[in-house]
Amino acid sequence: MSKFKSDKVMPRYFAIAVVLTLIGFAVVGKAMYIMTAKKDYWTQVADRLKRDSVSVKPGRGNILSCDGQLMASSIPEYKVYMDFQAGRDDSIHAQKQDSIWEEKIDSICEGLSQIFPSKTAEEFKTHLIAGKKRVLKNGKEGARHYPIWPRRIDYNTFCEVRKLPIFKEPIYKGGFHWEEFNARRRPFGSLAQRTVGDMFGAKDSAKYGLELSFDSILRGKNGIMHRRKILSKYLDIPVLLPEDGADIVTTIDVGMQDLAERAMIEELKEINGEMGVAILMEVKTGDIKAIVNMTRGADGEYRETVNNAISYRCEPGSVFKTASFLVALDDGVVDTSFVIHTGSGVMNMHGRDMKDHNWRRGGYQDINVARALEVSSNIGVSYVIDKFYGSNPKKYVEGLYRVGIHEDLKIPLVGYHTPMIRMPDTKTTDRAKYWSKTTLPWMSIGYETQIAPINTVTFYNAIANNGKMMQPRFVKQIVKNGEVLREFEPVVLKERIAKPQAIKTMQTILEHVVSQGLGRRAGSKSFKVAGKTGTAQVADQYGGYHSGTTRYWLSFAGYFPADDPRYTCIVCLKKTGLPASGGGMSGLVFHHISEGVMAQNLKLDVDDARDTLSIMVPDVKGGDLVAANYVLDNLGVKTNTNWSGSYAEGNPVWGKTITTNKDVTLASVSTQKGIIPDVLGMGARDAVYLLESRGVKVKLRGRGKVKSQSIYAGTAIKQGMVCELNME
């Protein structure tokens with residue numbers, strides 16, 4: 001075993017230790033130098049390789065119809081760019097990049113031309129070479145953020161572009177990069193566009209409609225991330241995740257909206273109209289099921305450009321007469337029997353002639369209040385209001401405020417304008433707005449006021465709703481990930497706009513307007529309709545009424561079915577020149593909308609699909625059981641046999657019936673001569689015969705079975721008794 005020779009080994013260890021020490025001092029010295037003398041330089045380098053607090057945009061929420069169909073949704077769109085300085089860290093890399101670029105540019109441009117056919121391969125080549133040769137301010141050649149295509153492209157097109165040579169390379173090598181945007185798309189196209197809203201594409205911000213009103217909810221919250229360059233690759237480090245926006249569920253029904261738009265456009269084309277508005281509202285909730293705003297463009301096509309339904313204030317015309325008469329009925333100054341002498345259709349009102357539309361044919365002569373509204377008599381309405389409110393017009397205007405035609409609806413859409421109905425003695429700088437003796441009579445027939453269609457339809461909806469005024473509702477819920485974050489309940493603006501009797505009277509009059517007045521074209525053979533027509537002359541483009549061709553504002557406001565109102569609708573048309581008829585034109589659109597809506601609401605039940613060989617048990621009324629048994633026996637329907645009687649002998653047996661799915665039970669009842677019999681459940685013929693055979697007079701209301709009788713069964717009969725039967 002050899003001995004350790006320290007005299008030879010130790011100098012070597014010492015030499016190594018000295019070298020390592022010197023290296024250590026060099027490293028420390030270099031670090032100190034970098035930290036002090038080169039601090040600013042390396043700070044700038046680090047800043048180029050990292051990005052702190054990079055904002056991350058969230059996904060925008062969707063806008064849904066009442067049944068969950070997409071009306072507006074976000075999809076990604078991209079703008080694509082080229083960085084011609086990427087991968088050119090030194091001259092060798094630059095030469096390599098240039099050679100690859102020269103080799104691939106033709107195939108790149110051919111590919112781009114196939115993806116974007118509107119531009120040839122040569123045009124793309126010229127465009128890209130111009131970007132590559134662009135000299136920047138720092139003297140370097142090659143643009144850093146050069147647009148390949150000037151407009152945004154969808155995701156599929158973006159994927160096609162990324163497959164091209166060089167573009168498929170990593171960003172730091174090839175230079176192809178992009179900006180991502182949240183683009184808004186409406187699967188149903190322009191359906192309810194002004195109400196749903198739109199976005200500014202470049203700014204990614206809301207323009208109008210529900211997009212703007214609920215922007216903070218739809219937009220969500222931005223996230224934050226840090227970006228670091230590690231080993232020639234960028235790494236994104238999330239700090240705060242973005243919070244996507246919530247969805248909003250609207251009240252709009254896509255089917256009803258489409259139906260209303262088609263009906264509106266067809267009529268506008270037929271009459272060469274300038275503008276059309278239609279609003280369909282659900283009576284009980286105030287939900288806006290459809291809202292149409294069509295304006296004729298310079299090319300003759302009709303589009304939604306302005307939400308006139310909530311913003312277009314104008315003189316409403318004769319649909320306002322309903323509010324005038326409702327005030328008078330509510331105050332009790334008139335009833336439907338009050339007679340008005342309209343004469344030959346022309347009446348001087350404080351030095352100015354008021355004319356009815358049929359004044360050339362001799363006028364309506366003497367008519368009552370109800371008939372005045374049925375035929376939309378200007379004289380009839382203005383005479384009543386001037387007679388009873390002329391000495392105190394403020395009371396009339398206060399009445400208009402009371403019945404809700406002036407109500408601020410607080411609609412959650414930008415652009416809504418509240419009605420303008422002036423109080424007497426209100427001074428303004430505009431001389432035309434001073435109150436005069438003619439203001440009241442003309443205001444009563446729909447002039448001297450400014451009201452948007454949404455206010456008018458809300459007022460008529462209150463009449464249909466037995467006096468309860470509902471706020472128009474556009475959004476029902478805010479939903480996120482299937483969870484309801486907020487529910488917007490129906491809002492009652494006024495519990496009662498007028499006394500119940502006044503409302504009931506007005507409902508009857510409005511039914512008669514359609515059944516026997518000027519609103520016949522709005523009616524239907526399948527269900528009852530109630531409403532009011534309106535034809536108003538409106539100011540032309542120069543602000544006057546007679547400079548040039550006359551413009552008309554035609555309208556029909558009403559509800560259906562009138563005996564059990566479900567929907568209220570207003571249709572307004574603006575056209576130039578004659579013919580112009582609110583009932584004939586707007587009423588026709590109302591007719592098409594109401595017919596279509598009611599048809600959509602027809603639902604088929606599985607019970608309707610019956611075997612033709614099976615026996616269906618009819619609904620049998622009480623009364624003459626002998627006659628009922630005879631009919632049922634011939635139909636093959638089983639009945640009980642614990643009573644006696646013969647149809648051939650003609651001796652009736654009075655009683656009640658119980659109908660089941662399989663048979664009918666007939667139960668006789670005692671009908672003594674000196675007392676009022678129980679006729680509940682009987683048909684009108686049997687009930688009247690049974691009562692009048694005992695000397696009791698009968699009044700019938702309604703039709704069907706007897707629901708109630710005014711004199712209770714078992715009451716002793718006295719001479720002159722009158723029993724009222726309510727049928728259902």
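This is a predicted model: local features need pLDDT of at least 70, side-chain atom pairs count only at pLDDT 80 or more; totals for chains, interfaces and linings use all residues.
Residues are numbered from 1 along each chain as its sequence is written, and side-chain values use heavy atoms, with hydrogens and water left out. Local features need pLDDT of at least 70 and side-chain atom pairs count only at pLDDT 80 or more, while totals for chains, interfaces and linings use all residues.

**View 1. Hairpin of strand 16 and strand 17.** Strands are DSSP runs (E, at least two residues), numbered from the N terminus, as are helices (H or I, at least four residues). Strand 16 (residues 346-349) pairs with strand 17 (residues 352-355) in the antiparallel sense over four bridges; pairing requires at least two DSSP bridges between two strands. Met 349 faces Arg 352 of strand 17. Two residues lie between the strands, and His 350 has a positive phi near 55 degrees. Buried means under 20% relative accessible area, exposed over 50%, and partly exposed in between (1.4 Å probe, protein chains only).

View 2. Strand 26 runs antiparallel to strand 28 (residues 654-659), joined by two bridges. Asp 624 is opposite Trp 654 of strand 28.

**View 3. Buried residues of helix 5.** In helix 5 (residues 155-162), the buried residues are Thr 157, Phe 158 and Val 161. They lie on the same side of helix 5 because they cover an arc of only 105 degrees around the axis, taken from the directions from the helix axis to the C-beta atoms.
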